[in-house]
Structures are given as C-alpha cells and as structure tokens.
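Good morning, and thank you for making time for this presentation.

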Amino acid sequence: MVDTRPFLPVSSSGGSNPSEPLPNRCKTIKAQLSIFFALLVIGLVSVLLASNVTENQHGSLSSSTTAKPEPLRRVSRGPAAGVSEKSNWLFGKDNENAVAFPWNNSMLSWQRTAFHFQPERNWMNGPLFYKGWYHFFYQYNPHAPVWGDIVWGHAVSKDLIHWLHLPLAMVADKTYDKSGVWTGSATFLPDGKIVMLYTGSDAQAVQVQNLAYPADHSDPLLINWVKFSGNPVLVPPPGILSKDFRDPTTAWLTSQGKWRFAIGSKVNRTGIALVYDTKDFITYEKLDGVLRAVDGTGMWECVDFFPVSKTEQNGLDTSVNSPDVKHVMKVSLDDDKKDYYAIGTYHEKNVTFIPDDPEIDVGIGLRYDYGVYYAAKTFYGQNKNRRVLWGWIKESDSEAADVQKGWASVQSVPRTILLDRKTGTHLLQSPVEEIESLRLNSYEFNQVTVQAGSVVPLDVGPATQLDIVAEFEIDKEALAKATGSDVTFSCSSSGGAVERGALGPFGLLVLADDSLSEQTPVYFYIAKGSDGNLKTYFCNDQSRSSEAADVNKQIYGSMVPVLEGENLSLRVLVDHSVIESFAQGGRTVITSRVYPTKAIYGAAKLFLFNNATEAGVSASLRIWQMNSAFIRPYPNLDNKSQ
C-alpha cells in the first residue's frame, strides 16, 4: 500500500548545516599487517552500558538512566603530536555553547554495531593472512575512547567476520616510539617470513620509521613481536619536517630484486610520496624524485600503492607489474580527512606513477568512499587471490557522547577491490563474500511500483541489521519528456531527499521510524542536461537521521557512472549506527554514521520512496536480516596453534 505522506522538513533542532562540511575527527595510524595489511585507524571499543530497557507495543524505548545535558567543548587531539586532527568538531566558533543531547544508555547501547569489527572498549584504528589466520593490527588507545596513548591492538579471524582479540602486539616502550606506535605495513619475504615497517613518534615527537618482526614465525597467531635493535631505520630526510614523515607502504619487488616502498610527506602545500629501496630492510637508499606529487593537497597519510588486473577478476600480489595491469595510488589527505585514489601507470625505471587522467589525479579526483571513511589500506589475500580493502569509520557524534558510551569508531566491513573493466576509470568495491554467512531470513519484493511523491513501507521486521540488494527502473517515457537544464546538481549542496526534481530523488529510507520524523535516505538523483544527456548521482542524506543536535547531519554523495543497458543497482548494509551503501556494483560507495533517538530497536523501519515530480519508478529487492558476528577474546592461548 502506498503511503503518500510527504517528507518531513528538517527539524529546527537538527544541529549542523548539511551544506557546511564538518571537520572529520580523524586518526592517524593504521597498523597493517598483511601483504599489506590494511591498516586502519583509531579505534573503538565497546562498553555496552546496560540499563533497564523496555519496549512498548509501538516500539518506543525508555530507560531509567538519562544524562543531564551539558555544554559541549571543543578539544583538539592529534595535531600537536604531528598527526591529523582526531577530534570530532561538530560545532563552529559561532556555536561554542551548544548543549549535548541527553542520551540515555539504551540509545547508546543500540549504536554499537553487530557485524563490524571494533575493540572491546575505548578508541581504535591492517590485516594479513598467515598460516590460516587473518591478522588485524590496529591503532588503539587502551585507556580512553579518545585519541592518544596509541599502541597496536591485535585480533585474528578465520573468515574476516568473526574475530578473536589477542594481547597487544606492540606498545610504546622505546625512545623511538615513546610518543606512539603508529601506522605500519607488512611485507612477506620469499621464504614466507614477515617484516613490518611502522612509524614511531619518538620522545621529541619526530616521526621515524622502525622495523619489527615476529618472535616466532612458526606461531600462526603471531602473538609476540620483536623490535629491531637498530631502530630507527629511517629518519626524516633533508627538506622534510620532523612531523611530515609517516605511514610506509607494503614493499614490492623490483626487477633488480630490491624491495621498494613509499612514505607519505609534503613540501609546503604539495603532497608527495617519497620512495626508498632496500635489499635487507636494514640499510636503505632514498631514491631521487618522488613517486607522485600533487600541488595543493597537503600532507599525504596512509599511502597505498598496488596493481589491478585489466584482464582478470582476481586480485594481484603487490609486486606484480606487467602490460596487463594498471596501478592504483591512494592517499589519505590530512587536510580534509578523505581518501582519494587515481588509476594509472607505474614506471619502475623512472620511479614514477602517472595517472591516466590528470584531471582526477591523486587527492583531487575520485574517492574510495564519499562518506565517513578514512585511512584505508588494502592487503593481498593469497589464499583467495583477492585484494581486500579495509577503512576506518569515525564517530560523527560529540566526544562527550563517546566518553559516556565508553567506545569510539569501528572498521568498515572488509571489501574486495577490482578495476572496473567496463569504465576503465573506476574501481569496484563490494563486501567480502563471507559477510553473506550472516544472512538469516530473507524477503523478496518484485516490481514494486513507487509513484512520484510517494513512500512505500517494506515489511521486513526490525530494520537494524540488514543486507539489502535492490534494482530500480525509472519510467522511460518520463526520461524522454523531462526538460534539460544547465543547473549543476550536487548531493552535498542540495536540500537532500526533500529537494524534488523531475527524475528524482528515489531510493530507500533506512533507520526510519513510523512517522518518518527520523530517516536516512539512500537514493539516486538523475539530472538531465540542456544537451539531453543524463547524469546519475548517488547520495546519502543524514539531515533527518536524528532528532539529536550534537551529531553530524551532512549530505554525502557523488556522480556514479551508469552505462547503457544498466539498471540502477544498490546494495546497502545496515548495522545499527553504520550504513554502508554501494551503487552500480561499487563504482560509488558511501558510508554514514547515524544516531537516531527513535528509529532504534524494534522501532527501526525500512521504506521505499520516490520524491520525483514526474517519473515513477519500479523497484525489485531482496532483503536479509543479519546475524551478529562473534568478536571476543581468544579463549585459550595455551592451545593457540589449533
């Protein structure tokens, strides 16, 4: 049955202005262990603060414990130590006296995810596959749910979904990493052994590179690590400031049999990737020039560099280089806390990376994810011949709320990453196949007509943990009749899903309550130019996601290529406060953090919507309820080799 209720306007208590991007609270470090090991960034944990939660027949929640509202204060974390800003500044200078929403324990407990990795408590931030186990080393603050006191947490998994926590892998106990054990990358040697290069912040806050390796390579859990006695192995070279030298990549073999890797840096406002060669990971040669430099992009963090196949659907080892591959260069920009990538050609002899299209160079063009996603790294999983991407999903609420709930930030669901051979210009990202093992009950909806200006409820039960696969087909007659315009559309500067056009927006309302007073639209918007050409945009609108004022309510999105003959396709993973959305097979991806106050537990619903003025759409969906992953301490380290 069609519900023709209009979208509700943005509440006057809606907090931040979605047209004004809010500074991301970023993390620096991403310990990655795996032929790359996707390092990710700072961390999260969870202390599920229990309270007496009661749910009435209408899905409303009550709790016996409610925090008293207090003024929010801005606190900077990170830049003084020489890393990117980790604090989540939600309020500008004109709103210094903003008051925190009175979150209660049932609301905060609901926000903790069910199938995304996060530590048991406090703040967190790469993986590798070794002797039957995936290893994830992550930036972690063992003392508080804020950035600081960074060490390496360690967890293992057989399937990238269920995780077992192990003892800390490395702590800040040497002069060369006294101020923090930061991002690192692992490299597999030909004999199967592992070496790890990582950034340490020394006692004077100078960023230096250090070497570590497993104490026992026969241990499949890699519990104990040894720091090289000759650390640091690299210090900032002449012309590079002491706090602008971090995050070594996984090394790759050159045709001369040397190991080569890159380190992020900058010179003035130009972001650069320095390049080093080594034969033994003890003695190093800095090469002339840089792998890539882009003016105006600022400091490059978490540089990643890897090949993708032009002919096959498999991932490639980091050292592969042939006419059948393209190379991907990715950087995390300290300035805007976003991850950018470019596809191009790597010239080993000249030690340079040249993008296919300079207009979408590193740091100024395409992004891995257009939402809340940073410091991502890939690793090559040799067991399944795939390259896996993992990124850090920061919090978008206030630090006061993080302290109250006792944890902050999560890792994304691991994603496979491939070259989009149809466009040649984009990468394709999709959740690893193992996530499907969590699927429970499924619901199918075929050829559902969604008229212009209408909302259609989807009866799938509680909509807190879902895997949604959907296709949309827009009325072709309306496409032909629509009048073109020279007006340029932008997800972030538009009015969100309430802004109506002839051909959109249309899509899903996730984490919505019955009255639609809280809702997060995930949608397509088609714009027709004066030349008659169509451009399709993919957006997530957080402006009505919560009645709380102390949360980020931006509108995210970008254009997504839609090729001739393709229907509009969408996959969405909903896991409590995290929404990961993949359009057109993962050509464009958006991750959102949302903090509803009503659309939680049994009150969370799912709807189709079409807010176009002229075009009807038809939608076909399959939706699964999702089970929770097991993430807990390793049960018996005495039997660790089993």
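I will start with His576, which is buried at a relative accessible area of 10%; buried here means under 20% relative accessible area, exposed over 50%, and partly exposed in between, with a 1.4 Å probe and protein chains only. His576 sits in the loop between strand 36 (568-575) and strand 37 (578-583). Its phi is positive, at about 55 degrees, although His576 is not a glycine. As background, most residues other than glycine have a negative phi, and most peptide bonds are trans.

Two remarks on the source are needed here. This is a predicted model, in which local features need pLDDT of at least 70 and side-chain atom pairs count only at pLDDT 80 or more, while totals for chains, interfaces and linings use all residues. Residues are numbered from 1 along each chain as its sequence is written, and side-chain values use heavy atoms, with hydrogens and water left out.

Now the overall picture. The protein has three helices and 41 strands; these are DSSP runs numbered from the N terminus, helices being H or I with at least four residues and strands E with at least two. Of the 642 residues in the protein, 62% are buried. The accessible surface comes to about 23300 Å², and carbon and sulfur atoms account for 50% of that surface; such areas come from the Shrake-Rupley method with a 1.4 Å probe, and for residues only the protein chains shown count as cover.

In which order do the six strands of the open sheet stand? The order is 29-40-31-36-37-38, with antiparallel pairing; two strands pair if DSSP finds at least two bridges between them. Strand 29 (439-450) and strand 38 (588-593) stand at the edges with a single partner strand each, so one side of each has no neighbour in the sheet. On average, neighbouring strands of this sheet are turned by 15 degrees against each other, direction ignored; the axes are lines fitted to C-alpha atoms, for helices over the stretch in contact, and angles run from 0 to 180 degrees between N-to-C directions. Within the sheet, strand 31 (residues 465-474) and strand 40 (residues 617-626) run antiparallel and are joined by nine bridges. Leu466 has Gln625 in strand 40 as its bridge partner. In general, strands of a sheet pair through backbone hydrogen bonds, either parallel or antiparallel.

Is Arg593 buried or exposed? Arg593 counts as buried, at 0% relative accessibility. The side chain of Arg593 makes a polar contact of 2.9 Å with the side chain of Glu395; a polar contact is a pair of N or O atoms within 3.5 Å, where within protein one must be able to donate a hydrogen and the other to accept it, and residues adjacent in sequence count only if both atoms are side-chain atoms. A polar atom of the Arg593 side chain also lies 3.3 Å from the backbone oxygen of Lys394. Leaving aside residues up to four places away in sequence, Arg593 touches a number of residues, including Trp407, Gln542 and Ser577; contact means heavy atoms within 4.5 Å.

Trp407 leads us to Leu108, which touches Trp103, Gln404, Lys405 and Trp407, again not counting residues up to four places away in sequence. Leu108 belongs to helix 1 (residues 105-111) and is buried, with a relative accessible area of 2%.

My next topic is strand 5. Nine of the nine residues of strand 5 (residues 133-141) are buried, so the strand is largely enclosed by the rest of the structure. Trp133, His135, Phe137, Gln139 and Asn141 point one way, while Tyr134, Phe136, Tyr138 and Tyr140 point the other way. Strand 5 pairs with strand 4 (residues 127-130) in the antiparallel sense over four bridges, and Tyr130 stands opposite Trp133. Two residues lie between the strands in this hairpin, where Lys131 takes a positive phi near 50 degrees. Strand 5 also runs antiparallel to strand 6 (residues 151-157), with seven bridges between them; there, Phe136 has Ala155 as its bridge partner.

Finally, some loops. Leu222, in the loop between strand 10 (207-214) and strand 11, has a positive phi near 50 degrees and is buried, at 1% relative accessible area. The peptide bond from Asn231 to Pro232 is cis, with omega near 0 degrees, and Pro232 lies in the loop between strand 11 (225-227) and strand 12 (245-246). Gly504 and Pro505 are also joined by a cis peptide bond, with omega about 10 degrees.
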